[in-house]
Amino acid sequence: MPTKKVKLSENAQKVAESRYFLEGEDWEGCARRVANAVAVVENDKVLYENEFFDIIYNMDFLPAGRILRNASRTKGSLLNCFVIPIGDSIEQIGDAIRNALVLWS
């Protein structure tokens, strides 16, 4: 349960609903979903999920929009940037294209 009740402004609510919330989700649900997704790699998942939730829900730290939007989605990336090396031969260019397709599929 949240430590305090956070109320988004009317504009923040509209933006969050259109960009970041899953259907039927509110700020608490979004914060919980994101906290769960980023805590998955921790040894003590429950502890870190709760800590991450409090930090996100109380807006002490907000992850980037891509993370808010894509956390827990099957095909959603949490990274804003990828570096794909590209060489100067046709084979290396083809490899770079293949790698990009794999990355974004």
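**Salt bridges and a nonpolar surface patch**

In this predicted model, E25 pairs with R33 in a salt bridge whose closest N and O atoms are 2.9 Å apart. Are these two partners buried or exposed? E25 has a relative accessible area of 16%, so it is buried, and R33 is buried as well, at 9%. Both values fall under the 20% cut-off for buried residues.

In helix α1, which spans residues 10–19, K14 and E10 sit 4 residues apart, or about one turn of the helix. Their closest N and O atoms are 3.4 Å apart, and the two residues form a salt bridge. E10 counts as exposed because its relative accessibility is 58%.

With a relative accessible area of 33%, I93 is partly exposed. Together with I86, I97 and L101, I93 forms a nonpolar patch on the surface, and the accessible area of these residues is about 400 Å² in total.

Finally, V38 is found in helix α2, residues 27–39. V38 counts as partly exposed, given its 29% relative accessibility. How far apart are V38 and L78 in space? Their C-alpha atoms are separated by 9.3 Å, while the two residues are 40 residues apart in sequence.

Note on methods. Residues numbered from 1 in each chain as written. Predicted model: local features only at pLDDT ≥ 70, side-chain atom pairs only at ≥ 80, totals over all residues. Heavy atoms only, no water. Helix = DSSP H or I, 4+ residues; strand = E, 2+ residues; numbered from the N terminus. Buried < 20%, exposed > 50% of the residue type's maximum accessible area, 1.4 Å probe, protein only. Patch = residues over 30% accessible without salt bridge, like charges linked within 9 Å, V, L, I, M, F, W, Y side chains within 5 Å. Areas by Shrake-Rupley, 256 points an atom, 1.4 Å probe, with all protein chains shown as cover. Salt bridge = Lys/Arg side-chain N within 4 Å of Asp/Glu carboxyl O.
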